[in-house]
Amino acid sequence: MGKKFLLEHVNVPGIETLPVYQSKGGYASVEKALKTMTPDQLIEEVKFSDLRGRGGAGFPTGLKWSFMDRKSDKPRYLVVNADESEPGTFKDRYLMEKLPHLLIEGMIVSCFALGAKSGYIYIRGEYMYIVRILEKAIDEAYQAGLLGKNILGTDFSLDLYVHPGAGAYICGEETALLESLEGKRGNPRLKPPFPAIAGLYACPTVVNNVESIAAVPTIINITADKYNDVGIGKSSGTKLISASGHINKPGIYEIELGLPVEEFIYSDEYCGGIWKGRKLKAVVAGGSSVPILPANLILKTAKGEPRLMTYESLADGGFVSGTMLGSGGFIVMDETACIVRNLWTFARFYHHESCGQCSPCREGTGWMEKVLHRIEHGHGHMEDIDLLVSVAKKIEGNTICPLGDAAAWPVASAIRHFREEFEYHVKYPEKVKDPKHFEKEPFVSEGMLVNG
Amino acid sequence: MEQIKFSEQTLALVNRIIKRYPEGKQKSALLPVLHLAQAEFNGWLSAPVMDYVASLLSIKPVEVYEVASFYSMYNLKPVGTCLIEVCQTGPCWLRGADDIVEHLKNRLNINVGETTSDGMFTLKTVECLGSCGTAPMLQIGAKYHEDLTNEKVDDILEKMRSENKRSSYMR
């Protein structure tokens, strides 16, 4: 069994309530942080832990905190990004539903470190039932003196609020999220200025993912040193992985960073292998926006080394033969999955979710969706395959926010690794008109290893 | 014409929501208040409802329109008593979302985007709802229905018909 920092007590009955949560040591980090540490010490501790943002980008959390404009006389804010909406990613939902007090505890310590007196949890609107869970937990914390004025008898006061979004993936981008929190359309802002200088209401603001903030209590409780002992190199600590698709045991798993990918897919402790006794075809390892890898490259790097669940190992080979840990949204496809159709569902998603502010993204995502639709439905031409690559290249790096890149990367990687499958669609239009074509006759690209 | 006005209880909640934001930043309450408005006024946001919300928050009506038309959870046209939203993205598709949509279309005798002739059901497909590990799934109001099979879908439809209650994200 791997180390569990976040989910250690997740199965304890009533852990979502304050008394049970406290009986398991909950809120100890608040006591320690507020009574024995300074904000500077806290920021240093988080920096030293090497905690990297768990939302997808993987930016070091402590470093992000240190960018906060602490000389400003404006109010400072912590905004928790709970707008989890990326296909394959559903870990924050589990964390908030099961352990709402862990998030609140992390927010109290983080706000103290940042000098924030208000914090908002911006949660995707579809998770409305979790809004109620969080609000109930926040009420409990106020009643226990863990929120509000003079927390635990100290000079520190803090108010926390839950703010529901209304169905827009783009609001997971931190500046779009801030626009949305201000009651506007979720259009990303041009950067700089970054939120740490001018964020919510043009005040210094830190935006962190739910899982990042939920990791803070452990770092403070056990110290950064011991947190750092878990994991490999700059991939420290544990990570929640949301596993879905063609596996025997879809769900949320907390892994120690450094776990071999093969063990994650095949061991009973985690995914339990490929469903229906089928073979592994491909994996999207970090949410729909990261490059897709065929079976051979997800299990081993191009150098033949075992691929590990770390930021570095998954990225080994760059975008040619590697991918990204991203949000930890691990989507597994067996031999019957049609890569083109899967990619079309992603393209449809990005087209739907583009805010429309930048032309390359607004128009390009639509083009990619249309071209993929016609290839998948048996109306494609060979030149469409290169057209897709060309459109993806024209989007990448040419938009205000990373949604354009997120839409382009899966396209480029799918064609790189599965080009023959795209060609098959063009050559045999009659066969692919049936949406379940590969269930009857699995297609394996030449040179792609399928593991049993 | 009936005057558009929140119930006393909802108005009190609106005022509490506005206080979550700094003074003068009441526009921040727009998304939560629109959710309340949609729940209270028949499941959709008509122009008069949006005008009313604008007046409550002391902002221009166009500021409400541009927001309401941006976010997918707000309905700008009437919907059935029960709005069924089926996730169809990647992981849900891998686990059979297309079959669930087909089954719903057959059972309800409508296409995606349409409402049954009795006004009971509207069928909508949506992008990822964060339920990939329990796919395929659909959402009705605030409730997620997961690990779907055709039989489960039939049970859900039956239950919704017998309850005959408007679905809302607020319940």
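# A working chat on chains A and B

Q: How many residues of chain B and chain A does the contact take?
A: The contact takes 43 residues from chain B and 60 residues from chain A. Please keep in mind that this is a predicted model.

Q: How is the size of an interface often given?
A: It is often given as the accessible area that is lost when the parts come together.

Q: And what do chain B and chain A bury between them?
A: The two chains bury about 4000 Å², and 58% of that is on carbon and sulfur atoms. On the side of chain B, the residues that lose the most area to chain A are B:Arg20, B:Phe70 and B:Leu94, which together make up 17% of what that side buries.

Q: How many salt bridges are there between chain B and chain A?
A: The count is 5 salt bridges. One joins B:Glu146 to A:Arg93, with the closest N and O atoms 2.9 Å apart.

Q: What about polar contacts across the interface, how many residue pairs?
A: The rule finds 27 residue pairs in polar contact between chain B and chain A, with both residues at pLDDT 80 or more.

Q: Which elements of chain B give two or more residues to the side that touches chain A?
A: They are helix H2 (30–40), helix H4 (61–68), helix H5 (90–94) and H6 of chain B. The residues on that side of chain B divide into 20 nonpolar, 12 polar and 11 charged.

Q: Let us turn to chain B itself. How many helices and strands are there?
A: Chain B has 7 helices and 4 strands. Starting at the N terminus, its elements follow the pattern α-α-α-α-β-α-α-β-β-β-α. The C-alpha trace of chain B spans about 50 × 35 × 25 Å along its principal axes.

Q: In what order do the strands of the chain B sheet stand?
A: The order is E2-E1-E3-E4, in an open sheet of 4 strands with mixed pairing. Strand E2 (121–126) and strand E4 (143–145) of chain B are the edge strands, each pairing on one side only. Neighbouring strands in this sheet are turned by 25° against each other on average, direction ignored.

Q: Do E1 and E2 of chain B pair in the parallel or the antiparallel sense?
A: Strand E1 (residues 82–87) of chain B pairs with E2(B) in the parallel sense, over 6 bridges. As one example, B:Leu83 has B:Thr122 in E2(B) as its bridge partner.

Q: Which strands does helix H6 of chain B touch?
A: Helix H6 (residues 97–108) of chain B packs on the sheet and touches E1, E2 and strand E3 (138–140) of chain B. The direction of this helix makes about 155° with that of E1(B). Helix H7 (residues 150–163) of chain B lies across E1, E2, E3 and E4 of chain B, and runs at about 135° to E2(B).

Q: Now chain A. What is the strand order there?
A: In chain A, 4 strands form an open sheet in the order E3-E2-E1-E4, and the pairing is parallel.

Q: Why is one side of E3 and of E4 in chain A left without a neighbour in the sheet?
A: Strand E3 (159–164) and E4 of chain A stand at the edges with a single partner strand each, so one side of each has no neighbour in the sheet. Neighbouring strands here are turned by 20° against each other on average, direction ignored.

Q: How many bridges join E1 and E2 of chain A?
A: Strand E1 (residues 77–82) and strand E2 (residues 118–123) of chain A run parallel and are joined by 6 bridges. A:Ala82 stands opposite A:Ile123 in E2(A). Helix H6 (residues 100–114) of chain A packs on this sheet, touching E1, E2, E3 and E4 of chain A.

Q: New topic: which peptide bond leads from A:Lys191 to A:Pro192, cis or trans?
A: That bond is cis, with omega near -5°. The next bond, from A:Pro192 to A:Pro193, is also cis, with omega near 5°. A:Pro192 lies in the loop between helix H8 (174–181) and strand E4 (205–209) of chain A.

Q: And A:Tyr201, is its phi positive or negative?
A: A:Tyr201 has a positive phi of about 50°, although it is not a glycine. Most residues other than glycine have a negative phi, and most peptide bonds are trans.

Terms used: Residues numbered from 1 in each chain as written. Chains lettered and ligands numbered in written order. Predicted model: local features only at pLDDT ≥ 70, side-chain atom pairs only at ≥ 80, totals over all residues. Heavy atoms only, no water. Pairing = 2+ DSSP bridges. Axes fitted to C-alpha atoms, helices over the stretch in contact; angles between N-to-C directions. Contact = heavy atoms within 4.5 Å. Buried area = accessible area lost by both parts, 1.4 Å probe. Salt bridge = Lys/Arg side-chain N within 4 Å of Asp/Glu carboxyl O. Polar contact = N/O pair within 3.5 Å; in protein donor to acceptor, adjacent residues only side chain to side chain. Nonpolar A, V, L, I, M, F, W, Y, C, P; charged D, E, K, R; others polar.
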